[in-house]
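Colleague: I would like to learn how to read this model. Please take me through it feature by feature.

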Amino acid sequence: MGPQANTDLGPSTPLVLPLWSEGLCKMSGCSRNVDDIRALLQSCKSFGPQQRMKFYDSWAETYEQDSEVMNYRAPHLVIDFLNANFSGDRQGARVLDVACGSGLVAKLMVELGFRLFVGVDGSRGMLDQAAKTGLYQDLRLALLGTQALPAQTGAFDVVIIVGALRDGFVPVSVVRELCCAAKPGGLVCMSRVDPKSESGDRYKACLERELQLMEEEGLWTHVVSADMHRYMMDVYNSSTEGEQNQQYLSGTMQLYRKSPR
């Protein structure tokens, strides 16, 4: 059995289910199609961080099933990308899985020989699902950007974040915390979502400036970047009939090495 999610960072509050959750509850026992998922995600587009985490709490039990419907390939693409550029001791490497969700990243990494995982997420429901995998030595609750990343400085050989670096989710400022958690010489592996929106374009530009600034400050060096093509159906935006199953999102995968002391 894996660890129970560490939720000591704040008191648990009763979850009052809003209207959007009725759709999740009604369909929790059956398969959803792409249109169902699109309607759910569009219903929460304007949510703030705390509302969004409550949404993920309610979605957690069927998240992986729905991810398959959305053809969500980001974890597979990013882990292949990391694997191609990692030459260290996999069994002994400490991995910080940021925005770990239900544990998709750890499930893939353990197949490649990684064994030591600490997960962080803002959703209690997602952390409960991650705990069921039995892969994490510790799971920590934190709303990134609002609460500090709960990770020891300089403790991890690999810090990885998949799918959360996007407008409305994890703010750009968190990137410095990722670097801080890595050991000197450790790797920070990130995937950036490139949604088709003005706010998405602003986030992309802001993130690129921050990454470059951190390199200029000597905090880390860029190892490699790669495009992440068609990693998921675009269920965040409305599509005309006939286009809905053909619209895909793209993004970028980036790997940095923290500078030695």
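Predicted model: local features only at pLDDT ≥ 70, side-chain atom pairs only at ≥ 80, totals over all residues.

Colleague: What percentage of the residues in the chain is buried?

Modeller: Buried means under 20% relative accessible area, exposed over 50%, partly exposed in between (1.4 Å probe, protein chains only). Of the 261 residues in the chain, 49% are buried.

Colleague: How many helices and strands does the chain have?

Modeller: Helices (H or I, at least four residues) and strands (E, at least two) are DSSP runs, numbered from the N terminus. This chain has nine helices and seven strands.

Colleague: What is the order of the strands in the open sheet?

Modeller: Strands of a sheet pair through backbone hydrogen bonds, either parallel or antiparallel. Two strands count as paired if DSSP finds at least two bridges between them. The order here is β3-β2-β1-β4-β5-β7-β6, with mixed pairing. β3 (136-141) and β6 (220-233) stand at the edges with a single partner strand each, so one side of each lacks a neighbour in the sheet. From one strand to the next, the twist averages 15°. Axes are lines fitted to C-alpha atoms, for helices over the stretch in contact, and angles run from 0 to 180 degrees between N-to-C directions.

Colleague: Which strands pair with β1?

Modeller: β2 (residues 116-121) runs parallel to β1 (residues 94-98), joined by five bridges. Asp97 has Gly119 of β2 as its bridge partner. β4 also pairs with β1 in the parallel sense, over four bridges. There, Leu96 is partnered by Val159. Val159 in turn has Val188 of β5 as a bridge partner. β4 and β5 run parallel, with six bridges.

Colleague: Which strand is antiparallel to β6?

Modeller: That is β7 (residues 248-258), joined to β6 by 10 bridges. One of the pairs is Trp220 with Lys258.

Colleague: Are β1 and β4 mostly covered or mostly open?

Modeller: β1 is mostly covered, with four of its five residues buried. In β4, eight of the 10 residues are buried, so the rest of the structure largely encloses this strand.

Colleague: Where is Gly92, and what does it touch?

Modeller: Contact means heavy atoms within 4.5 Å. Gly92 is in the loop between α5 (74-84) and β1. Leaving aside neighbours within four places in sequence, Gly92 contacts Leu116 and Asp157. Gly92 and Leu116 are 24 residues apart in sequence, yet 7.0 Å apart in space, C-alpha to C-alpha. Gly92 is partly exposed, at 38% relative accessible area.

Colleague: At what angle do α8 and α9 cross?

Modeller: The axes of α8 (residues 174-181) and α9 (residues 198-216) come within 10 Å and cross at roughly 35°. On the α8 side, the contact is made by Val175, Arg176 and Cys179. On the α9 side, Leu207, Glu210, Leu211, Leu213 and Met214 take part.

Conventions. Residues numbered from 1 in each chain as written. Heavy atoms only, no water.
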